[in-house]
Amino acid sequence: MENAGSAERPVDHPKSAPENRATDGPFDESEANPVRPYVDLGGVKVLPREGLHLRLEVEEGSKRVVAVGLDYANSTLQVQPFAAPRSSGLWHEIRDQIAEQIARQGGTTSVRDGAFGPELLAQIPVAAADGASGRMRLARFVGVDGPRWFLRGVIAGEAAVDPTAAAQVEDLFRSIVVVRGTTPMPPRDLIPLRMPATGAQPQQ
C-alpha cells in the first residue's frame, strides 16, 4: 500500500477504532506503559511474549523495512503503521481499496464486524510451484485509526479460522505500540521501521 494521492480530498472518513482503544490498545506511544520491555522497531514497539517470533520484511530494492511479521499461535500477523490525519480516519477507504485489489487478483472479500470494528475476510488466490492456480489462502485484514496514525494488520493461519488462535493474535495486535513521532508526513506514508537497536529479539 503506497501513498495514494492528495491528502486534500473532500471526503473525510470517521476514525475506525474500538471505543476502548486508548486503554486496551493498539496504543499510541503516549499511552504505553513506559516500564514494559518493548522491542523498539521504530514506528512500532512489540512486547515480547513466550512463543512469539519476530521477522522484519525488507523491500528488495531499497532495503528498507516495510512491515513487521509476527509468528504466534500457529498464525502470522503482519503489521504496518502509517501516518494519518489528526481528525479523520483511513481504514474505511483503505478497506475498499484492498477489496478491489484482491478482486483484480481473482479473490473474494467480505466485510464483517470483528474485534477492532469492520474487518475484511479475504480469499486470496495462491499460485502453486508449477504455476497452477486454484488454491486459496484465507486472510483477515484489520485496521485501527489512532491519533495521527493508522495501524494495519493482516492475520493468516489458524487465527483466520480458529476462535482460540484468533483471540491470542487479536491480543497480540492490541499490545502493539505505534510511535508516530513529530516529523511531518503525508497521510498514508509508512512510518519508518528499523531493526532493533540492540539486536534484541523475542524469546522462543
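Trainee: Where does R21 sit, buried or exposed?
Mentor: R21 is buried, at a relative accessible area of 10%, where buried means under 20%, exposed means over 50% and partly exposed lies in between, using a 1.4 Å probe and protein chains only. Bear in mind that this is a predicted model, in which local features need pLDDT of at least 70, side-chain atom pairs count only at pLDDT 80 or more, and totals for chains, interfaces and linings use all residues. Residues are numbered from 1 along each chain as its sequence is written, and side-chain values use heavy atoms, with hydrogens and water left out.

Trainee: And which residue forms a salt bridge with R21?
Mentor: The partner is E31, with the closest N and O atoms 2.9 Å apart; a salt bridge here is a side-chain nitrogen of Lys or Arg within 4 Å of a carboxyl oxygen of Asp or Glu. Because E31 lies in the loop between β1 (27-28) and β2 (39-40) while R21 belongs to helix α1 (residues 21-24), the pair ties together parts that are ten residues apart in sequence. Helices (H or I, at least four residues) and strands (E, at least two) are DSSP runs, numbered from the N terminus.

Trainee: How many salt bridges does the whole structure have?
Mentor: A search of the whole structure finds eleven. Another of them joins the side chains of R49 and D171, at 2.9 Å from N to O. R49 is in the loop between β3 (44-46) and β4 (53-58) and D171 in helix α3 (residues 163-174), so this pair ties together parts that are 122 residues apart in sequence.

Trainee: Switching topic, how do β4 and β5 run?
Mentor: They run antiparallel, joined by six bridges, with β5 covering residues 65-72; two strands pair if DSSP finds at least two bridges between them. The two form a hairpin with six residues between them, and K63 in the turn has a positive phi of about 65 degrees.

Trainee: What about the largest nonpolar core, which residues touch the most other members?
Mentor: They are V68, L70, L77, L151 and F173, out of 28 residues, a nonpolar core being a set of buried Ala, Val, Leu, Ile, Met, Phe, Trp, Tyr and Cys residues joined through side-chain atoms within 4.5 Å. The elements giving two or more residues to this core are β3, β5, β6 (75-83), β9 (135-146), β10 (149-157) and α3. Apart from this core lies another, of 17 residues, among them V66, I102, V154 and L190.
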